[in-house]
Structure formats: structure tokens, C-alpha cells
Amino acid sequence: MKTEKKEPLRAERLHHREADQIALRFDSDPFIQDHIKKLPGVAWSQTHRCYYVPHTPAQVKSLLDHCRGKVWVDMTRLGYPPKEIVEKKKPHQPPELTSGISGQQLKEMERYMESRRYAPASIKSYTGMLRRFILDTGLTDFRLLKEEDIRQYNIRLVHDQKVSLSHQNQWINAVKVMLHVIRSPIALEEIERPIRRQKLPMILSRNEVAALISCTKNLKHRFLLSFLYGTGLRIGELINLKINDIDGDRKMVFVREGKGLKDRMVPIGDGLLSLAREYYKAFQPKVYLFEGQDGGKYTARSAQQVMQQALERAGIKKKATLHTLRHSFATHTMESGTDIRYIQAILGHSSPKTTMIYTHVSESALGRIRSPIEDILDGTIPA
């Protein structure tokens with residue numbers, strides 16, 4: 001049976017902020033994401049996990065003009081006939097590049113990444129970026145690539161295509177994998193990366209987390225938020241947890257193949273174990289700890305909606321996500337006096353430098369610092 005091909009960008013109806021909007025949904029694709037972020041009037045919804053624009057005739061025209069020839073838009077979910085508003089012919093699709101040395105090298109790199117168990121999204125992203133590089137430069141063989149070629153294309157990405165920092169970093173990652181596959185003499189360490197912005201993580205206070213959980217009356221949702229905050233797991237790790245991964249006797253959670261395909265053990269307290277038993281008795285999950293209504297894994301998108309609804313009920317205005325609960329767990333645990341090495345192990349960080357970021361947002365540590373102006377203002381030092 002012939003299956004319908006999924007369009008890269010799907011425009012859907014959305015009621016958000018008390019108005020009709022157009023939700024713009026697409027599978028993980030850095031090119032589409034960068035292009036959509038430049039669309040006039042576009043905004044991001046944390047609640048619905050999508051970009052959106054006002055549903056007006058003018059905005060529909062702006063969307064189609066912006067995407068014409070670059071990104072194919074499926075407008076049928078908005079009620080538009082597929083051939084009247086949308087271009088009758090799809091824009092030119094990149095060739096498969098199966099002929100030619102560079103195309104064969106791309107296939108070889110894809111097989112290499114699969115053998116190293118890279119995430120499917122990473123394989124798709126890396127090969128897509130190098131395919132675009134081949135089309136942009138006409139490169140016939142990656143063995144002919146020079147350091148100066150990489151540097152010039154890097155400049156082109158930033159100044160001409162105005163890609164995001166993460167896109168630029170992914171492109172460099174893709175080049176490095178290809179150079180490794182073809183055993184290029186180019187020194188990988190000489191390829192310069194963009195300077196990373198040192199952003200501090202968003203943190204909820206203990207009172208905000210308590211409000212978030214207490215206002216969530218649905219037992220499954222309350223347990224989900226409590227579990228993420230109580231263990232510091234990533235959402236991807238949580239939805240992969242199976243019932244048997246919780247060891248009630250040892251009070252441990254076994255996280256299988258977390259980030260970097262590393263296993264680790266995470267402690268779980270008596271209160272959370274008690275809530276887990278209450279949840280299990282009520283919902284009787286079959287395989288995974290959190291399952292959808294029809295069985296199978298709970299989705300990250302559904303979990304994020306739980307978080308956003310809880311934030312709204314609690315009246316918290318911070319732009320927090322599920323990952324904010326992980327940051328909050330780490331910060332609050334550090335404030336309680338837990339050694340940073342244990343926190344590093346619980347979070348699954350490879351380097352203590354990653355864990356050290358939480359010292360910059362710790363209220364107890366920063367709160368002990370006394371500014372010299374206080375000595376003047378309170379009269380300790382006469383003015």
C-alpha cells in the first residue's frame with residue numbers, strides 16, 4: 001500500500017493566546033528551523049512546542065512568499081486545496097549524489113555513523129549539511145578539501161546564510177566526521193568553532209517547584225514532574241525508563257544508555273518511592289514507567305505540555321521547561337551540601353566542568369557574598 005509522503009513543513013490550525021494562529025510543525029531539520037526563525041511575525045510557543053504566526057490572509061501570503069522555492073509547505077490542514085495556494089510544482093530537490101566520489105563518501109560516512117550508533121537525527125542532520133555543502137561548492141571529492149575551504153564556507157554560513165550558532169557547530173561536527181572517515185591529513189583540532197555563549201541555566205526556586213507539583217492534581221502528571229525533579233533525569237531518559245529499572249529495595253533507578261550511551265545509577269528517596277507505588281497501583285503500566293493512553297512510550301511532547309499547564313496553574317512566569325527541573329534538582333542538591341562529584345555522577349556528566357555551572361546559580365553560595373557597599377550603607381564604615 002502506498003503511504004503518503006510527509007511534507008517538510010506542516011501548517012496547522014492553533015488557538016493560542018486567545019487568538020487563531022497557524023502552527024508551523026516540522027521534523028528535526030536545521031535548515032527549515034533557521035529559515036522559519038527569519039519569517040516576519042513568527043513566535044515560539046513553549047506550550048505547544050512549535051513556531052506560530054497569526055492566522056490572517058496577509059500572514060498566509062507572507063509565509064508562502066518566504067518559503068517559496070526553499071521549503072515545501074503543506075497547507076491542506078488549514079483547509080486550502082493543495083494546488084490553489086501552494087505551488088503546483090515542488091521546488092527542485094537536491095540530487096541523491098549517489099554518482100560521483102563525494103556522493104559515495106557521503107554514503108560511507110552515513111554507514112560509519114550508523115555503526116557508531118549515532119542518533120538517527122544526527123545522521124540526517126550531518127549528511128544533509130554536507131550534501132548542501134557539495135551543492136553549494138561543487139566539491140567532487142572530500143579528499144581535495146583544504147583548511148581554507150572549510151574556513152571560507154564557515155564565514156559564508158555566518159555572513160551570507162546567517163545560520164544559528166548551533167547550526168554552525170553541527171556543520172563543523174559533520175565536517176570532522178567526514179574528515180575522520182576519509183582519513184584526511186587536515187588537523188581536526190585546527191578547525192575553529194564559534195565562541196559559545198556562556199548562558200546560565202534557568203532555575204526554579206524550591207517554593208516554585210513545590211507550587212508546580214502541588215497544583216498538579218492528576219496523579220500521573222504529578223508523579224512525572226516529581227520524578228524529573230527528584231532524580232534529575234533528562235526527559236529522554238525518563239520516557240525510556242521501564243518498570244523494572246526502579247529498584248525499590250536498593251532505592252535506585254537504573255538509567256540505561258543515557259546521553260553518550262552511558263548507563264548510571266540514580267538514587268530515589270522514600271517519598272518518591274511511595275508516590276511511585278501509588279501511581280503504579282492506579283495506572284498499572286505494562287512495560288514503560290510512563291505510557292501513553294494506548295500503551296507504548298509516553299511522548300516528550302505530552303510531558304512538555306504537562307509542564308506548561310502546571311506553570312500556568314502555578315502562576316509562574318519564567319520560561320521554564322522540563323529540563324529546568326533537572327537544573328533545579330542539581331542546584332538545590334548542591335545548596336544542600338552534596339559533594340559536586342556525586343552530583344556529577346547522578347547527572348551523568350562526563351566532566352566536572354559541566355556540573356560546576358550550578359555554582360554560578362546557587363542562592364546559598366551567592367547569598368553569602370557581602371557587597372562592600374553594605375558596610376557603608378549600614379554605617380560600619382562612616383561615610
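Entry 1: I take buried to mean under 20% relative accessible area, exposed over 50%, and partly exposed in between. The model I am reading is predicted. I looked up R132 first: at 37% relative accessibility, R132 counts as partly exposed. Its partner in a salt bridge is D136, with the closest N and O atoms 3.7 Å apart. D136 has 24% relative accessibility and is therefore partly exposed too. Both sit in helix α4 (residues 120-137), four residues apart, so about one helical turn separates them.

**Entry 2: other salt bridges.** How many salt bridges does a search of the whole structure find? I noted 16. One of them joins the side chains of R10 and D27, at 3.9 Å from N to O. This pair links distant parts of the chain, 17 residues apart: R10 belongs to strand β1 (residues 9-16), and D27 to the loop between β2 (19-25) and α1 (30-37). Is R10 buried or exposed? R10 counts as buried because its relative accessibility is 10%, while D27, at 35%, is partly exposed.

I also looked up D339 and R341, whose side chains meet at 3.1 Å, N to O. D339 is partly exposed at 29%; R341, at 60%, counts as exposed. Finally, I recorded a network of salt bridges that links E12, R25, D74 and R77.

**Entry 3: nonpolar cores.** The largest nonpolar core holds 46 residues, and L212, F223, L224, L225, F227 and M307 have the most contacts inside it. Elements giving two or more residues to this core include α7 (206-214), α8 (219-231), β7 (252-255) and α11 (300-314). The largest share, seven residues, comes from α8.

**Entry 4: helix α11.** I checked the length of α11, which has 15 residues. From first C-alpha to last it reaches 21 Å, close to the 21 Å expected at 1.5 Å a residue. Which residues of α11 are buried? I listed A303, Q304, V306, M307, Q308, A310 and L311. Their cover includes α7, α8, α9 and α12. After α11 comes G315, with a positive phi near 70°.

**Entry 5: a sheet.** I found three strands in an open sheet, ordered β6-β7-β8, with antiparallel pairing. β6 (246-247) and β8 (264-267) are the edge strands, each pairing on one side only. Four bridges join β7 to β8, and M252 stands opposite P267 in β8.

Conventions: Residues numbered from 1 in each chain as written. Predicted model: local features only at pLDDT ≥ 70, side-chain atom pairs only at ≥ 80, totals over all residues. Heavy atoms only, no water. Core = buried A, V, L, I, M, F, W, Y, C linked by side-chain atoms within 4.5 Å. Buried < 20%, exposed > 50% of the residue type's maximum accessible area, 1.4 Å probe, protein only. Pairing = 2+ DSSP bridges. Expected span 1.5 Å × (residues − 1). Contact = heavy atoms within 4.5 Å. Salt bridge = Lys/Arg side-chain N within 4 Å of Asp/Glu carboxyl O.
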